[in-house]
Amino acid sequence: MRGLLLRPQSMTVIHSAEFAKEKQSLEGSVEVAALARLADQRADQAGVVSWRLVGGVDRYQRPYLALTLKGELNLVCQRCLKPLAWSLKGESVLTQFVDEESLDDAENIDEDLEGMLIEPELDVQGLVEDEVLLSLPLAPRHVACGDEDEAVRAAAKPNPFAVLAGLKTRKAE
Ligand SMILES: [Zn+2]
């Protein structure tokens, strides 16, 4: 609790490894407006991202944090530059290591591994913001620009045809 006294009350700080070993969990929500690093990608400040953080220890006795994200936000369509409603859904598992060397070794062995260094004062909202940024599409586009119904439907439920349409468009450019 030492560090918490010096910080604004809205900030939640955890010891990442202790949180994991004690199998703690936390959940909350953050307004899109509060995610400053999303400023370039979002169309407006509307929307809320809810998150759930669960700690645990894997079969190699490594502490990890599992983060689930869910939310609605408005991105900017990269074709017509108009808002594009986006349903955010993300799940990531961050395996924790004591130093860069062991993190690098583990990532070399397992390409899918997402690693982080043990952080005695981890700002949870900062972590949520990192993962939201990572889960955003690189070039969000309406399936059919100008067709609002189609855009909302496509954002709510990405389907293989939408992905295919996106690929075709990219190739044509
Ligand atoms: Zn568009």
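The following paragraphs go through a predicted model from its overall fold to single residues. Residues are numbered from 1 along each chain as its sequence is written. Because the model is predicted, local features need pLDDT of at least 70 and side-chain atom pairs count only at pLDDT 80 or more, while totals for chains, interfaces and linings use all residues.

The secondary structure of the chain consists of 5 helices and 7 strands. Helices (H or I, at least four residues) and strands (E, at least two) are DSSP runs, numbered from the N terminus. Read from the N terminus, the order of elements is β-α-β-β-β-β-α-β-β-α-α-α. The chain has 173 residues, of which 22% count as buried. A residue is buried if 20 or more other C-beta atoms lie within 10 Å of its own, exposed if 12 or fewer, and partly exposed in between, with C-beta atoms placed from the backbone. Two residues are in contact if their C-beta atoms, placed from the backbone, lie within 7 Å. Among contacts between residues at least 6 apart in sequence, 58% join residues at least 24 apart.

An open sheet is formed by 5 strands in the order E2-E3-E4-E5-E6, with mixed pairing. Two strands pair if DSSP finds at least two bridges between them. Strands of a sheet pair through backbone hydrogen bonds, either parallel or antiparallel. Strand E2 (25–31) and strand E6 (114–117) are at the edges with a single partner strand each, so one side of each has no neighbour in the sheet. On average, neighbouring strands of this sheet are turned by 25 degrees against each other, direction ignored. Axes are lines fitted to C-alpha atoms, for helices over the stretch in contact, and angles run from 0 to 180 degrees between N-to-C directions.

Two antiparallel pairings involve E4. E3 and E4 are joined over 9 bridges, and in this pairing Val-49 stands opposite Gly-71 in E4. E4 and E5 are joined over 13 bridges, with Gly-90 in E5 as the bridge partner of Leu-69. Both pairs form hairpins: E3 and E4 have 5 residues between them, and E4 and E5 have 6.

Most residues other than glycine have a negative phi, and most peptide bonds are trans. Against that background, three residues may be picked out. Gln-61, in the turn between E3 and E4, has a positive phi of about 65 degrees; with 7 other C-beta atoms within 10 Å, Gln-61 is exposed. In the hairpin of E4 and E5, Leu-81 takes a positive phi near 65 degrees. Lys-23 has a phi near 50 degrees and is found in the loop between H1 and E2. Lys-23 counts as exposed, with 11 C-beta neighbours inside 10 Å.

Helix H3 lies across E2, E3, E4 and strand E5 (83–97), and runs at about 60 degrees to E4. H3 has 12 residues and reaches 17 Å from its first C-alpha to its last, close to the 16 Å expected at 1.5 Å a residue; the expected span is 1.5 Å times one less than the number of residues. The buried residues of H3 are Val-124, Leu-127, Val-128, Glu-131 and Val-132. They cover an arc of only 135 degrees around the axis, which puts them on the same side of H3; the arc is that of the directions from the helix axis to the C-beta atoms. An α-helix has 3.6 residues a turn, so residues three or four places apart point the same way. The buried residues of H3 pack against strand E1 (13–14), E2, E3, E4, E5 and strand E7 (122–123). Gly-126, also in H3, is partly exposed, with 15 other C-beta atoms within 10 Å.

The largest nonpolar core has 19 residues, and those with the most contacts inside it include Val-49, Trp-51, Leu-65, Val-124 and Val-128. Helix H1 (16–21), strand E3 (48–57), strand E4 (63–76) and helix H3 (124–135) each give two or more residues to this core. A nonpolar core is a set of buried Ala, Val, Leu, Ile, Met, Phe, Trp, Tyr and Cys residues joined through C-beta atoms within 7 Å. Beyond its neighbours within four places in sequence, Val-49 has contacts that include Val-30, Leu-69, Leu-88, Val-128 and Val-132. Another core, of 5 residues, lies apart from the largest one, with Leu-73, Leu-75, Ala-85 and Trp-86 among its members.
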